[in-house]
Each structure stands twice: as structure tokens, then as C-alpha cells.
Amino acid sequence: MEHKARSIRPFIGAENFELSRNFYRDLGFQEKVLSYNMSYFQTDGLGFYLQDAYVKDWIDNTMIFLEVEDVARHWNELLALDLTTKYKGVKLTPIRVNDWGRECFVHDPSGILWHFGEFYK
């Protein structure tokens, strides 16, 4: 098969849709409202759909990896947002060094685990 893909857009759920919308806007994603229960969030041509749907087993098993240019800078920007104070349930895990690169982690208000990482060149 030959693909001429233009993007990949996962669908993620939210336990509290309005709270999650605010969270992702705070992270710097631009929102395009698609309907009363779904929005598309994007940054630099990459994006995902946030929907007003909560299935605990699904949310608890959702992980997204977003490659960033400088994970240390990204981590410092995450800290400056004070997300753990502003959003109940949000957790941040500091940078870990791996054999392939470095990453830090954020659990969103619903529990979705985001990996923000950079690969060694």
C-alpha cells in the first residue's frame, strides 16, 4: 500500500468537556468548534478531536506522544502554566532520559496521558 497521508487525528474523550477544552487552549492548541460536543484542536498542522464522551477504560488507556523541539523548554512552559493548581486531576511528571531521547508527561483533567518528547539526533 502506498499512502499519501496528510495528517493523523486521534479522537480523545473528556469527562468534563468544557474543562478539557479550557485545558487544551491553555496548552496552546487552537480550537475549532465542530459541534456542541466535539472540537478540533491543532498546533502547527497537527491535531486531535476532543469529544464530549467519557468511557473510563478508554480514557485510562489513551496515550498520545507529541514530539517537541526542546523538551526542557516545553517542561518549563508547562510548569509556568500552573496546571496542577488550575485543573483538578492534572499530573505532571518531570523529564526522563531514555536511550532514544527525553520526555516528560502530563495527565489531562480526564486522565489521558500525554508524552512530550524529543528524540536524539
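This is a predicted model: local features need pLDDT of at least 70, side-chain atom pairs count only at pLDDT 80 or more; totals for chains, interfaces and linings use all residues.
**Entry 1: the largest pocket**

I began with the largest pocket, which holds about 460 Å³ of space. I found 18 residues lining this pocket, and Thr43, Leu66, Val68, His74 and Glu77 are the closest to its centre. I then asked which elements supply at least two residues each to the lining: they are β5 (63–67) and α3 (71–80). Helix α3 gives the most, with 4 residues. I sorted the lining by class and got 8 nonpolar, 3 polar and 7 charged residues.

**Entry 2: the second largest pocket**

Next I looked up the second largest pocket, with a volume of about 220 Å³. Its lining includes Phe29, Phe48, Phe65 and Trp114, along with Gly45 and Gly47. Here β4 (46–51) and β5 are the elements that give two or more residues.

I followed the strands from β2 onwards. β2 (residues 30–35) pairs with β3 (residues 38–43) in the antiparallel sense, over 5 bridges, and a hairpin of 2 residues joins them. Within this pair I found glutamate 31 opposite phenylalanine 41.

β3 also pairs with β4, again antiparallel, over 6 bridges. This hairpin has 2 residues between its strands, and aspartate 44 in the turn shows a positive phi of about 50°. Threonine 43 has leucine 46 of β4 as its bridge partner.

**Entry 3: salt bridges**

How many salt bridges does the structure hold? I counted 8.

I took arginine 21 and glutamate 18 as one case, with their closest N and O atoms 2.9 Å apart. The two lie 3 residues apart in helix α1 (residues 17–26), so about one helical turn separates them. Is arginine 21 buried or exposed? I have arginine 21 as buried, because its relative accessible area is 14%, under the 20% cut-off. Glutamate 18 is partly exposed at 42%.

I then checked arginine 25 and glutamate 31, which form a salt bridge at 2.4 Å, N to O. Arginine 25 is partly exposed at 32%, and glutamate 31 is partly exposed at 23%. I noted that Glu18, Arg21, Arg25 and Glu31 are linked in a network of salt bridges.

Lysine 56 is partly exposed at 48%, and aspartate 60 is partly exposed at 41%.

Definitions and conventions:
Residues are numbered from 1 along each chain as its sequence is written. Side-chain values use heavy atoms; hydrogens and water are left out. On a 1 Å grid over the protein atoms alone, a cavity is a set of points where a 1.4 Å probe fits but cannot get out, and a pocket is an open set with protein on both sides within 12 Å along at least five of seven lines; lining residues have an atom within 4 Å of a point. Grid points are joined across faces, edges and corners, and a volume is the space filled by probe spheres set on the points. Ala, Val, Leu, Ile, Met, Phe, Trp, Tyr, Cys and Pro count as nonpolar, Asp, Glu, Lys and Arg as charged, and the others, Gly among them, as polar. Two strands pair if DSSP finds at least two bridges between them. A salt bridge is a side-chain nitrogen of Lys or Arg within 4 Å of a carboxyl oxygen of Asp or Glu. Buried means under 20% relative accessible area, exposed over 50%, partly exposed in between (1.4 Å probe, protein chains only).
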